[in-house]
Amino acid sequence: MMNNVYDRDKEINEAIRAGEKALSSLHEAERQLKSAGNWGLVDIFGGDTISGLMKHMKINNASRCVDDARSDLAYFRDELGDIQGIENMNIDVGGFLTFADFFFDGFVADIFVQSKIREGQRQVREAIQRVEDILRRLRRYC
């Protein structure tokens with residue numbers, strides 16, 4: 001026989017663990033975006049083939065990290081949905097972390113890529129702040 005008793009503390013702890021994983025993914029995405037931005041600047045201001053390759057490698061890494069963060073945020077959202085009796089703990093994953101890769105060269109393209117990297121950094125920082133806020137609020141219930 002299954003026991004269907006709701007365990008609020010268990011649900012809160014599961015949400016906290018999911019939020020911490022999402023936060024870790026977001027921090028890694030932030031780190032990779034910063035690195036991609038740095039290599040992008042090198043590429044703009046006199047870089048060579050190696051700096052261009054490094055920039056694209058870092059953009060690929062950042063893109064994978066953003067995908068991981070997006071997945072972890074979706075799981076966090078689901079775990080938050082399992083908690084009963086706590087209002088305003090939702091996280092809108094749909095608006096977070098739109099990031100595109102661009103694989104072309106040239107000064108104008110490099111500046112465009114830099115603006116996309118900066119936009120990705122801004123969105124990751126916003127997501128980090130939102131997750132940290134929700135985690136702080138969840139921990140008050142423990």
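Helices (DSSP runs of H or I, at least four residues) and strands (runs of E, at least two residues) are numbered from the N terminus. On this basis the protein follows the pattern α-α-α along its sequence, with three helices and zero strands. The model is predicted, so local features are given only at pLDDT of at least 70 and side-chain atom pairs only at pLDDT 80 or more, whereas totals for chains, interfaces and linings use all residues. Residues are numbered from 1 along each chain as its sequence is written, and side-chain values use heavy atoms, with hydrogens and water left out.

Of the 142 residues in the protein, 43% are buried; buried denotes under 20% relative accessible area, exposed over 50%, and partly exposed the range in between (1.4 Å probe, protein chains only). The accessible surface (Shrake-Rupley method, 1.4 Å probe; for residues, only the protein chains shown count as cover) amounts to about 8,300 Å², and carbon and sulfur atoms contribute 52% of this area. Contacts are defined by heavy atoms within 4.5 Å. Among contacts with a separation of 6 or more, 81% are between residues 24 or more positions apart.

Helix α2 comprises 33 residues and spans 48 Å from its first C-alpha to its last, close to the 48 Å expected at 1.5 Å a residue. The expected span is 1.5 Å times one less than the number of residues in the helix. At the start of α2, a side-chain oxygen of Asp-48 comes to within 3.1 Å of the backbone nitrogen of Ile-50.

Ten salt bridges are present in the structure, a salt bridge being a side-chain nitrogen of Lys or Arg within 4 Å of a carboxyl oxygen of Asp or Glu. In helix α1 (residues 8-44), Glu-14 and Lys-10 are four residues apart, about one turn of the helix, and their side chains form a salt bridge with an N to O distance of 3.2 Å. Lys-10 is partly exposed, because its relative accessibility is 43%. In helix α2 (residues 49-81), Asp-67 and Arg-70 are three residues apart, again about one turn, and their salt bridge has an N to O distance of 2.9 Å. Both residues are partly exposed, Asp-67 at 41% relative accessibility and Arg-70 at 30%. In helix α3 (residues 107-139), Arg-137 and Asp-133 are four residues apart and form a salt bridge whose closest N and O atoms are 3.8 Å apart. Asp-133 has a relative accessibility of 26% and therefore counts as partly exposed. An α-helix has 3.6 residues a turn, so residues three or four places apart point the same way. A network of salt bridges links Glu-119, Arg-122 and Glu-126.

Glu-11 is located in helix α1. Glu-11 is buried but has no salt bridge, and Lys-10, the nearest side chain of opposite charge, is 4.1 Å away. For charge, Lys and Arg count as positive and Asp and Glu as negative, with His and the chain ends not counted. Apart from residues up to four places away in sequence, Glu-11 touches Tyr-6, Glu-79, Asp-82 and Ile-83.

Leu-23 also belongs to helix α1 and is buried, because its relative accessible area is 14%. When neighbours within four places in sequence are left aside, Leu-23 is in contact with Ile-128, Val-131, Glu-132 and Leu-135. The C-alpha atoms of Leu-23 and Val-124 are 9.8 Å apart, although the two residues are separated by 101 residues along the chain.

Technical notes. A polar contact is a pair of N or O atoms within 3.5 Å; within protein, one must be able to donate a hydrogen and the other to accept it, and residues adjacent in sequence count only if both atoms are side-chain atoms.
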